[in-house]
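Welcome! Here is a short briefing to read alongside the sequence and the 3D view.

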Amino acid sequence: MPELPEVEVVRRGLADHVVGRTVAAAEVTGTRVARRHVPGPEDLVARLPGAVVESARRRGKYLWLVLRHDGGSREALVLHLGMSGQLLVEAADAPDERHLHARLHFRDGDPQLRFVDQRTFGGLHLDELTDDLVPQTIGHIAPDPLEPAYDRAATVRRIKARDSAVKRILLDQTVVSGIGNIYADEALWRARIHGERLGSALTRPAIGRLLDAATEVMTEALGQGGTSFDALYVNVNGASGYFDRSLAAYGQEGKPCPRCGTPIRRSTFMNRSSFFCPRCQPVPRSRRPSG
DNA sequence: CCACGTTCCTGGAAGC
DNA sequence: TGCTTCCAGGAACGTG
(Lines give C-alpha, C1' and ligand atoms only; values in the text may rest on other atoms or scores of the structure.)
Protein backbone atom coordinates (compact mmCIF):
# COMPACT_ATOMS: atom_id res chain seq x y z
CA MET A 1 0.00 0.00 0.00
CA PRO A 2 1.51 3.33 -0.91
CA GLU A 3 2.72 5.22 2.13
CA LEU A 4 5.31 7.97 2.16
CA PRO A 5 8.28 6.02 0.72
CA GLU A 6 6.26 4.54 -2.12
CA VAL A 7 4.71 7.89 -2.98
CA GLU A 8 8.14 9.52 -2.95
CA VAL A 9 9.41 6.90 -5.40
CA VAL A 10 6.48 7.78 -7.66
CA ARG A 11 7.22 11.50 -7.25
CA ARG A 12 10.81 10.97 -8.36
CA GLY A 13 9.56 9.07 -11.37
CA LEU A 14 7.28 11.96 -12.27
CA ALA A 15 10.15 14.39 -11.83
CA ASP A 16 12.24 12.34 -14.25
CA HIS A 17 9.62 11.61 -16.89
CA VAL A 18 6.93 14.31 -16.76
CA VAL A 19 8.41 17.57 -15.44
CA GLY A 20 9.22 20.05 -18.20
CA ARG A 21 6.67 18.62 -20.61
CA THR A 22 3.52 20.29 -21.95
CA VAL A 23 0.12 18.60 -21.69
CA ALA A 24 -1.52 18.03 -25.06
CA ALA A 25 -4.73 16.40 -23.86
CA ALA A 26 -6.24 14.66 -20.86
CA GLU A 27 -8.75 11.85 -20.54
CA VAL A 28 -10.81 10.96 -17.50
CA THR A 29 -13.00 7.89 -17.72
CA GLY A 30 -15.76 7.56 -15.19
CA THR A 31 -16.52 10.13 -12.52
CA ARG A 32 -15.15 8.50 -9.44
CA VAL A 33 -11.45 9.13 -10.06
CA ALA A 34 -12.10 12.88 -10.24
CA ARG A 35 -14.71 13.01 -7.48
CA ARG A 36 -12.72 15.60 -5.55
CA HIS A 37 -12.70 17.88 -8.58
CA VAL A 38 -15.90 19.72 -7.74
CA PRO A 39 -16.58 21.29 -11.19
CA GLY A 40 -16.56 17.80 -12.67
CA PRO A 41 -14.34 15.68 -14.89
CA GLU A 42 -15.20 17.67 -18.05
CA ASP A 43 -13.80 20.80 -16.42
CA LEU A 44 -10.66 18.96 -15.35
CA VAL A 45 -10.05 17.66 -18.86
CA ALA A 46 -10.72 21.07 -20.41
CA ARG A 47 -8.25 22.91 -18.20
CA LEU A 48 -5.18 20.72 -18.71
CA PRO A 49 -4.17 21.15 -22.37
CA GLY A 50 -1.31 23.62 -22.79
CA ALA A 51 -0.20 23.42 -19.17
CA VAL A 52 3.52 23.03 -18.55
CA VAL A 53 4.52 20.68 -15.72
CA GLU A 54 6.92 22.74 -13.62
CA SER A 55 7.62 20.39 -10.74
CA ALA A 56 6.42 17.26 -8.94
CA ARG A 57 5.87 17.74 -5.22
CA ARG A 58 4.75 15.67 -2.27
CA ARG A 59 3.48 16.02 1.29
CA GLY A 60 2.86 12.77 3.11
CA LYS A 61 0.91 10.54 0.75
CA TYR A 62 -0.28 13.41 -1.44
CA LEU A 63 1.44 14.16 -4.74
CA TRP A 64 0.93 17.15 -6.97
CA LEU A 65 2.21 18.51 -10.23
CA VAL A 66 2.71 22.27 -10.31
CA LEU A 67 1.27 23.39 -13.65
CA ARG A 68 2.00 26.69 -15.36
CA HIS A 69 -0.54 28.00 -17.81
CA ASP A 70 -0.18 30.52 -20.62
CA GLY A 71 -0.01 33.91 -18.95
CA GLY A 72 1.98 32.56 -16.03
CA SER A 73 -0.74 31.45 -13.60
CA ARG A 74 -0.06 28.29 -11.64
CA GLU A 75 -2.22 25.58 -10.20
CA ALA A 76 -1.80 22.05 -8.87
CA LEU A 77 -2.89 18.72 -10.28
CA VAL A 78 -3.27 16.84 -7.01
CA LEU A 79 -2.88 13.06 -7.11
CA HIS A 80 -3.59 10.53 -4.39
CA LEU A 81 -2.91 6.82 -4.90
CA GLY A 82 -5.30 5.59 -2.21
CA MET A 83 -4.69 1.90 -1.60
CA SER A 84 -4.02 0.62 -5.05
CA GLY A 85 -3.31 3.56 -7.33
CA GLN A 86 -0.46 3.45 -9.82
CA LEU A 87 1.00 6.10 -12.07
CA LEU A 88 2.40 4.47 -15.18
CA VAL A 89 4.64 6.11 -17.77
CA GLU A 90 4.01 4.18 -20.94
CA ALA A 91 4.05 4.33 -24.71
CA ALA A 92 0.75 5.26 -26.34
CA ASP A 93 0.49 1.89 -28.04
CA ALA A 94 0.73 -0.08 -24.79
CA PRO A 95 -2.62 -1.79 -24.19
CA ASP A 96 -4.96 -0.07 -21.75
CA GLU A 97 -4.90 -1.48 -18.26
CA ARG A 98 -8.12 -2.96 -16.91
CA HIS A 99 -8.50 -0.25 -14.27
CA LEU A 100 -7.21 2.70 -16.25
CA HIS A 101 -9.10 5.82 -15.09
CA ALA A 102 -7.18 8.81 -16.42
CA ARG A 103 -4.47 9.62 -18.92
CA LEU A 104 -2.32 12.59 -19.92
CA HIS A 105 -0.95 12.98 -23.43
CA PHE A 106 1.99 15.30 -24.00
CA ARG A 107 2.89 17.52 -26.93
CA ASP A 108 6.24 15.79 -27.38
CA GLY A 109 4.52 12.43 -27.80
CA ASP A 110 5.56 9.33 -25.86
CA PRO A 111 5.49 8.44 -23.11
CA GLN A 112 2.05 9.20 -21.74
CA LEU A 113 1.05 9.20 -18.08
CA ARG A 114 -1.66 6.85 -16.86
CA PHE A 115 -3.57 6.66 -13.60
CA VAL A 116 -4.57 3.07 -12.88
CA ASP A 117 -6.43 2.09 -9.71
CA GLN A 118 -8.20 -1.16 -8.92
CA ARG A 119 -9.88 -0.25 -5.62
CA THR A 120 -10.63 3.34 -6.61
CA PHE A 121 -9.74 4.96 -3.31
CA GLY A 122 -7.35 7.19 -5.20
CA GLY A 123 -8.10 10.19 -7.37
CA LEU A 124 -6.97 13.44 -8.90
CA HIS A 125 -8.19 17.04 -8.92
CA LEU A 126 -7.11 20.53 -9.86
CA ASP A 127 -6.56 22.98 -7.06
CA GLU A 128 -5.25 26.44 -6.29
CA LEU A 129 -1.77 26.73 -4.86
CA THR A 130 -1.00 28.65 -1.71
CA ASP A 131 2.12 30.82 -1.41
CA ASP A 132 4.29 27.89 -0.35
CA LEU A 133 3.19 25.90 -3.43
CA VAL A 134 1.00 23.56 -1.35
CA PRO A 135 -2.52 22.93 -2.73
CA GLN A 136 -5.33 24.54 -0.75
CA THR A 137 -7.27 21.31 -0.32
CA ILE A 138 -4.45 19.65 1.54
CA GLY A 139 -3.87 22.51 3.93
CA HIS A 140 -5.04 20.29 6.80
CA ILE A 141 -2.33 17.70 6.10
CA ALA A 142 0.62 18.04 8.47
CA PRO A 143 4.18 18.12 7.15
CA ASP A 144 5.79 14.70 6.88
CA PRO A 145 9.02 13.80 8.70
CA LEU A 146 11.15 14.03 5.56
CA GLU A 147 10.38 17.66 4.71
CA PRO A 148 11.92 20.80 6.17
CA ALA A 149 8.58 22.07 7.50
CA TYR A 150 8.33 19.08 9.86
CA ASP A 151 8.50 20.27 13.48
CA ARG A 152 9.48 17.33 15.64
CA ALA A 153 9.04 19.12 18.97
CA ALA A 154 5.60 20.42 18.01
CA THR A 155 4.56 16.95 16.87
CA VAL A 156 5.68 15.45 20.18
CA ARG A 157 3.55 18.03 22.02
CA ARG A 158 0.49 17.30 19.90
CA ILE A 159 0.75 13.55 20.50
CA LYS A 160 1.28 14.07 24.23
CA ALA A 161 -1.87 16.23 24.33
CA ARG A 162 -4.17 13.57 22.96
CA ASP A 163 -6.15 10.97 24.89
CA SER A 164 -6.16 8.51 22.07
CA ALA A 165 -4.30 5.34 21.16
CA VAL A 166 -0.90 6.30 19.82
CA LYS A 167 -1.29 4.20 16.68
CA ARG A 168 -4.45 6.08 15.84
CA ILE A 169 -2.54 9.36 16.29
CA LEU A 170 0.33 8.15 14.08
CA LEU A 171 -2.21 7.40 11.36
CA ASP A 172 -3.83 10.84 11.71
CA GLN A 173 -2.45 12.77 8.75
CA THR A 174 -3.25 16.09 10.41
CA VAL A 175 -0.73 15.33 13.18
CA VAL A 176 2.12 13.90 11.10
CA SER A 177 1.67 12.75 7.53
CA GLY A 178 2.95 9.91 5.40
CA ILE A 179 2.55 7.07 7.92
CA GLY A 180 0.12 4.26 7.09
CA ASN A 181 -0.67 0.95 8.74
CA ILE A 182 2.56 -0.76 7.71
CA TYR A 183 5.05 1.87 8.84
CA ALA A 184 3.02 2.60 11.96
CA ASP A 185 3.43 -1.01 13.06
CA GLU A 186 7.12 -1.01 12.15
CA ALA A 187 7.77 2.24 14.01
CA LEU A 188 5.92 1.01 17.11
CA TRP A 189 7.93 -2.22 17.02
CA ARG A 190 11.23 -0.33 16.74
CA ALA A 191 10.26 1.99 19.58
CA ARG A 192 8.94 -0.94 21.68
CA ILE A 193 5.60 0.72 22.21
CA HIS A 194 2.21 -0.95 21.95
CA GLY A 195 -0.06 0.97 19.59
CA GLU A 196 -2.98 0.97 22.02
CA ARG A 197 -1.13 2.96 24.63
CA LEU A 198 -2.51 6.47 24.91
CA GLY A 199 -0.47 9.35 23.54
CA SER A 200 -0.99 11.21 26.79
CA ALA A 201 0.38 8.24 28.76
CA LEU A 202 3.73 8.22 26.96
CA THR A 203 6.70 10.29 28.03
CA ARG A 204 7.85 13.02 25.69
CA PRO A 205 11.18 11.24 25.05
CA ALA A 206 9.31 8.04 24.20
CA ILE A 207 7.12 9.92 21.73
CA GLY A 208 10.24 11.47 20.23
CA ARG A 209 11.83 8.05 19.84
CA LEU A 210 8.66 6.77 18.20
CA LEU A 211 8.63 9.60 15.68
CA ASP A 212 12.32 9.05 15.01
CA ALA A 213 11.65 5.35 14.46
CA ALA A 214 8.95 6.20 11.94
CA THR A 215 11.32 8.59 10.18
CA GLU A 216 14.05 5.99 10.17
CA VAL A 217 11.98 3.10 8.84
CA MET A 218 10.49 5.22 6.07
CA THR A 219 13.93 6.52 5.10
CA GLU A 220 15.25 2.96 4.91
CA ALA A 221 12.27 1.87 2.83
CA LEU A 222 12.82 4.76 0.48
CA GLY A 223 16.40 3.66 0.03
CA GLN A 224 15.10 0.31 -1.13
CA GLY A 225 12.41 1.63 -3.43
CA GLY A 226 9.33 1.26 -1.25
CA THR A 227 7.24 -1.63 0.02
CA SER A 228 5.10 -3.88 -2.10
CA PHE A 229 2.88 -6.83 -1.24
CA ASP A 230 0.51 -7.74 -3.98
CA ALA A 231 1.86 -5.99 -7.07
CA LEU A 232 -0.88 -3.37 -6.82
CA TYR A 233 1.74 -0.82 -5.94
CA VAL A 234 4.03 -0.21 -8.87
CA ASN A 235 6.26 2.79 -9.27
CA VAL A 236 6.10 5.19 -12.13
CA ASN A 237 8.14 2.89 -14.33
CA GLY A 238 6.34 -0.26 -13.34
CA ALA A 239 8.96 -1.71 -11.00
CA SER A 240 7.83 -2.94 -7.60
CA GLY A 241 9.60 -2.11 -4.37
CA TYR A 242 11.00 -4.82 -2.21
CA PHE A 243 11.22 -3.45 1.33
CA ASP A 244 8.66 -6.06 2.44
CA ARG A 245 11.59 -8.44 2.93
CA SER A 246 12.79 -6.19 5.73
CA LEU A 247 9.60 -5.90 7.77
CA ALA A 248 10.00 -6.95 11.41
CA ALA A 249 6.38 -6.90 12.56
CA TYR A 250 3.83 -6.04 9.86
CA GLY A 251 2.43 -9.19 8.29
CA GLN A 252 4.73 -11.38 10.40
CA GLU A 253 2.13 -13.13 12.59
CA GLY A 254 3.60 -16.23 14.20
CA LYS A 255 7.14 -15.49 13.07
CA PRO A 256 9.80 -14.81 15.71
CA CYS A 257 10.38 -11.22 16.75
CA PRO A 258 13.79 -10.33 15.23
CA ARG A 259 14.80 -8.87 18.60
CA CYS A 260 13.66 -11.44 21.17
CA GLY A 261 12.25 -14.42 19.27
CA THR A 262 8.75 -14.20 20.74
CA PRO A 263 6.13 -14.95 18.07
CA ILE A 264 4.66 -11.81 16.55
CA ARG A 265 0.98 -11.41 17.37
CA ARG A 266 -1.84 -10.00 15.31
CA SER A 267 -4.83 -8.15 16.64
CA THR A 268 -7.64 -6.07 15.22
CA PHE A 269 -7.58 -2.38 16.03
CA MET A 270 -9.52 0.38 14.27
CA ASN A 271 -10.88 -2.32 11.96
CA ARG A 272 -7.33 -2.86 10.77
CA SER A 273 -4.74 -5.52 11.45
CA SER A 274 -2.01 -4.65 13.91
CA PHE A 275 1.14 -6.71 14.36
CA PHE A 276 3.32 -6.45 17.43
CA CYS A 277 5.70 -8.35 19.68
CA PRO A 278 3.89 -9.14 22.93
CA ARG A 279 7.15 -9.16 24.86
CA CYS A 280 8.84 -6.03 23.44
CA GLN A 281 5.55 -4.14 23.17
CA PRO A 282 3.44 -5.13 26.18
CA VAL A 283 -0.29 -4.51 25.94
CA PRO A 284 -1.22 -1.60 28.20
CA ARG A 285 -2.91 -2.61 31.43
CA SER A 286 -5.94 -0.46 30.67
CA ARG A 287 -6.61 -2.39 27.48
CA ARG A 288 -6.18 -5.86 28.95
CA PRO A 289 -9.32 -7.81 29.70
CA SER A 290 -9.91 -7.60 33.44
CA GLY A 291 -10.00 -10.69 35.65
C1' DC B 1 -11.79 21.15 19.13
C1' DC B 2 -11.75 16.12 20.18
C1' DA B 3 -12.62 11.10 19.85
C1' DC B 4 -13.91 7.55 17.01
C1' DG B 5 -17.01 4.62 14.12
C1' DT B 6 -18.68 4.24 9.30
C1' DT B 7 -18.18 4.34 4.51
C1' DC B 8 -16.36 4.00 -0.08
C1' DC B 9 -14.25 -0.01 -3.53
C1' DT B 10 -12.46 -4.44 -5.99
C1' DG B 11 -10.84 -8.98 -6.50
C1' DG B 12 -7.97 -12.63 -4.52
C1' DA B 13 -8.20 -15.83 -0.80
C1' DA B 14 -10.53 -18.54 2.37
C1' DG B 15 -14.46 -21.12 3.88
C1' DC B 16 -18.29 -24.23 3.20
C1' DT C 1 -16.52 -27.27 -8.41
C1' DG C 2 -18.95 -23.14 -7.28
C1' DC C 3 -20.87 -20.05 -4.39
C1' DT C 4 -20.47 -16.80 -0.41
C1' DT C 5 -17.88 -14.25 2.84
C1' DC C 6 -13.84 -12.11 4.35
C1' DC C 7 -10.15 -8.97 3.94
C1' DA C 8 -6.83 -5.28 2.51
C1' DG C 9 -6.92 0.21 4.17
C1' DG C 10 -6.56 6.04 3.19
C1' DA C 11 -9.14 9.55 4.50
C1' DA C 12 -13.54 12.10 4.24
C1' DC C 13 -17.43 12.38 6.89
C1' DG C 14 -20.94 12.13 10.59
C1' DT C 15 -22.04 11.76 15.40
C1' DG C 16 -21.77 12.63 20.26
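Which elements cover the buried residues of H5? The cover includes H1, H4, H6 and strand E10 (272-276), where cover is judged by contact, meaning heavy atoms within 4.5 Å. Helices (H or I, at least four residues) and strands (E, at least two) are DSSP runs, numbered from the N terminus.

This is a predicted model, in which local features need pLDDT of at least 70 and side-chain atom pairs count only at pLDDT 80 or more, while totals for chains, interfaces and linings use all residues. Residues are numbered from 1 along each chain as its sequence is written, chains are lettered from A and ligands numbered from 1 in the order in which they are written, and side-chain values use heavy atoms, with hydrogens and water left out.

**Overall layout**

- Chain A is divided into domain 1 (4-138) and domain 2 (152-283); these bounds come from an automatic or database domain assignment.
- Between the C-alpha centres of domain 1 and domain 2 there are 29 Å.

- Helix H5 (residues 181-191) is largely enclosed by the rest of the structure, because 10 of its 11 residues are buried. Buried means under 20% relative accessible area, exposed over 50%, and partly exposed in between (1.4 Å probe, protein chains only).
- Among the buried residues of H5 are Asn-181, Tyr-183, Asp-185, Glu-186 and Trp-189.
- Just after H5 comes Arg-192, which takes a positive phi of about 60°.
- Helix H1 (residues 4-17) has 14 residues, which should span 20 Å at 1.5 Å a residue; its end C-alpha atoms are 20 Å apart, so the two values agree. The expected span is 1.5 Å times one less than the number of residues.
- H1 is mostly covered, with 10 of its 14 residues buried. Pro-5, Glu-8 and Val-9 are among them.

**Leu-222, a residue of H6**

- Leu-222 sits in helix H6 (residues 204-223), and it counts as buried because its relative accessibility is 13%.
- Leaving aside residues up to four places away in sequence, Leu-222 touches Pro-5, Glu-8, Val-9, Arg-12 and Leu-146.
- Leu-222 and Ser-267 are 45 residues apart in sequence, and their C-alpha atoms are 27 Å apart in space.

**DNA strand B**

- The residues around DNA strand B include Arg-32, Arg-98, His-99, Gln-118, Phe-121, Asp-163 and Ser-164. A residue is near a molecule or strand if one of its heavy atoms lies within 4 Å of it.
- Of the atoms of DNA strand B that come within 4 Å of the protein, 72% are accounted for by sugar and phosphate.
- By class, the surface near DNA strand B has one nonpolar, four polar and six charged residues. Here Ala, Val, Leu, Ile, Met, Phe, Trp, Tyr, Cys and Pro count as nonpolar, Asp, Glu, Lys and Arg as charged, and the others, Gly among them, as polar.
- Phosphate oxygens of DNA strand B lie 3.4 Å from a side-chain N or O atom of Arg-98 and 2.7 Å from a polar backbone atom of Asp-163.
- For Ser-164, a side-chain N or O atom is 3.1 Å from a phosphate oxygen of DNA strand B.
- Ser-164 is found in the loop between helix H3 (152-160) and helix H4 (166-170); it is buried, with a relative accessible area of 14%.

**DNA strand C**

- DNA strand C is surrounded by 16 residues, and the closest are His-80, Met-83, Phe-121, Tyr-250 and Arg-266.
- Sugar or phosphate makes up 55% of the atoms of DNA strand C within 4 Å of the protein, and the rest belong to bases.
- The surface near DNA strand C has five nonpolar, six polar and five charged residues.
- A phosphate oxygen of DNA strand C is 2.3 Å from a side-chain N or O atom of Arg-266, and one is 3.3 Å from such an atom of Lys-61.
- Asn-181 has a polar side-chain atom 3.2 Å from a phosphate oxygen of DNA strand C.

**Backbone details in the loops**

- Asp-110 and Pro-111 are joined by a cis peptide bond, with omega about -5°. Pro-111 is in the loop between strand E6 (100-106) and strand E7 (112-117).
- Met-270, in the loop between strand E9 (265-269) and E10, has a positive phi of about 60° although it is not a glycine.
- Asn-271 lies in the loop between E9 and E10, and its phi is near 60°.
- Met-270 is partly exposed, with a relative accessible area of 28%, whereas Asn-271 counts as exposed at 71% relative accessibility.

Key: A polar contact is a pair of N or O atoms within 3.5 Å; within protein, one must be able to donate a hydrogen and the other to accept it, and residues adjacent in sequence count only if both atoms are side-chain atoms.
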